[in-house]
Amino acid sequence: MNPPVVVVAAVIERLGRVLICRRRPSARHPMLWEFPGGKVEPGEDPRTALRRELLEELGVHAEIGEEIRRYPYQYPHGAPLLLIFFRATVSGAVQNRVFAEIRWEMPERLADYDFLPGDREFVGLLASLRSVPPASYEERG
């Protein structure tokens with residue numbers, strides 16, 4: 001069996017809001033919301049991949065912080081995925097280079113958005129982790 005495709009995503013916060021991105025109408029899973037990120041290339045470290053993806057998608061240089069959560073997911077008729085979510089900080093103005101829309105949203109409102117099915121578990125988790133100090137994230141897993 002082939003190893004899963006590794007997909008990385010960033011939780012970028014500013015002033016208590018989280019950056020979310022909406023896919024274009026022509027994209028796979030059109031018009032659904034997601035966290036910025038993408039696939040890890042063969043031989044690439046997940047944090048390096050996320051830095052590359054954030055530069056490509058948002059035109060920002062990022063510092064990739066702690067891993068918040070990882071879990072397997074598989075879309076119908078798709079390859080198995082390993083989704084990895086990291087906290088990230090960015091410098092410079094965020095530019096929308098590839099999405100239909102980007103938005104800074106309050107974490108407690110994320111459940112109101114139509115996220116990719118693979119991200120929905122994390123959206124629920126993120127709200128529950130808001131009041132937990134960063135060192136405690138893995139303990140709650």
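A polar contact is a pair of N or O atoms within 3.5 Å; within protein, one must be able to donate a hydrogen and the other to accept it. In this predicted model, the side chains of glutamate 105 and tyrosine 113 make such a contact, at 2.3 Å.

Glutamate 105 belongs to strand β7, which spans residues 101-105. Beyond its neighbours up to four places away in sequence, glutamate 105 touches Arg17, Val18, Ile20, Leu110 and Tyr113. Methionine 106 lies in the loop between β7 and α2.

| Residue | Relative accessible area | Class |
|---|---|---|
| Glutamate 105 | 4% | buried |
| Methionine 106 | 25% | partly exposed |

Glutamate 105 counts as buried because its 4% relative accessible area is under 20%.

The largest nonpolar core holds 23 residues, and Ile20, Phe35, Phe85, Leu110, Phe115 and Phe122 have the most contacts inside it. At least two of its residues come from each of β1 (5-14), β2 (17-22), β5 (61-73), β6 (81-91) and α2 (117-129). The largest share, 5 residues, is supplied by α2. Another core, of 19 residues, lies apart from this one and includes Val8, Leu50, Leu82 and Phe99. In soluble globular proteins, nonpolar side chains tend to be buried together.

Leaving aside neighbours within four places in sequence, phenylalanine 85 is in contact with Ala9, Phe35, Glu66, Glu67, Ile68, Arg69, Tyr71, Asp119 and Phe122.

Notes:
Residues are numbered from 1 along each chain as its sequence is written. This is a predicted model: local features need pLDDT of at least 70, side-chain atom pairs count only at pLDDT 80 or more; totals for chains, interfaces and linings use all residues. Side-chain values use heavy atoms; hydrogens and water are left out. A nonpolar core is a set of buried Ala, Val, Leu, Ile, Met, Phe, Trp, Tyr and Cys residues joined through side-chain atoms within 4.5 Å. Buried means under 20% relative accessible area, exposed over 50%, partly exposed in between (1.4 Å probe, protein chains only). Helices (H or I, at least four residues) and strands (E, at least two) are DSSP runs, numbered from the N terminus. Contact means heavy atoms within 4.5 Å.
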